[in-house]
Amino acid sequence: QIDADTLVERGVLVAGDPESCLKAISIHEEAGADELQFLMSTETIAHEQAMSSIEMFGKYIIPELKKKAARR
């Protein structure tokens, strides 16, 4: 078994700050993934934390992915 922190470091899980999320997304892209599904662990964290994560994803991750797509 591998702990969640190791999975994040290896890019298997997309989690953490925007930079590590973008790095993990890139790892999946390089492996050939063209779609990812993102889930929030709403059973294990407070609603406010889940909403904050969603807001940060929209503010930092989505714009970077749009920029990258526009360069293609």
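This is a predicted model: local features need pLDDT of at least 70, side-chain atom pairs count only at pLDDT 80 or more; totals for chains, interfaces and linings use all residues.

Residues are numbered from 1 along each chain as its sequence is written, and side-chain values use heavy atoms, without hydrogens and water.

**Largest pocket**
- The largest pocket has a volume of about 550 Å³ (the space filled by probe spheres set on grid points joined across faces, edges and corners).
- A pocket is an open set of points on a 1 Å grid over the protein atoms alone, where a 1.4 Å probe fits, with protein on both sides within 12 Å along at least five of seven lines; lining residues have an atom within 4 Å of a point.
- Its lining has 17 residues, and V14, A15, G16, L39 and M40 are the closest to the centre.
- α2 (18-30) and α3 (47-71) each supply at least two lining residues (helices are DSSP runs of H or I, at least four residues, numbered from the N terminus).
- α3 gives the largest share, four residues.

**Second largest pocket**
- The second largest pocket has a volume of about 180 Å³.
- Its lining includes I25, E29, F38, L65 and R72.
- α2 and α3 are the elements that give two or more residues to this lining.

**T6**
- T6 is found in helix α1 (residues 4-9).
- T6 counts as buried because its relative accessibility is 18%, and buried means under 20% relative accessible area with a 1.4 Å probe, protein chains only.

Technical notes: Buried means under 20% relative accessible area, exposed over 50%, partly exposed in between (1.4 Å probe, protein chains only).
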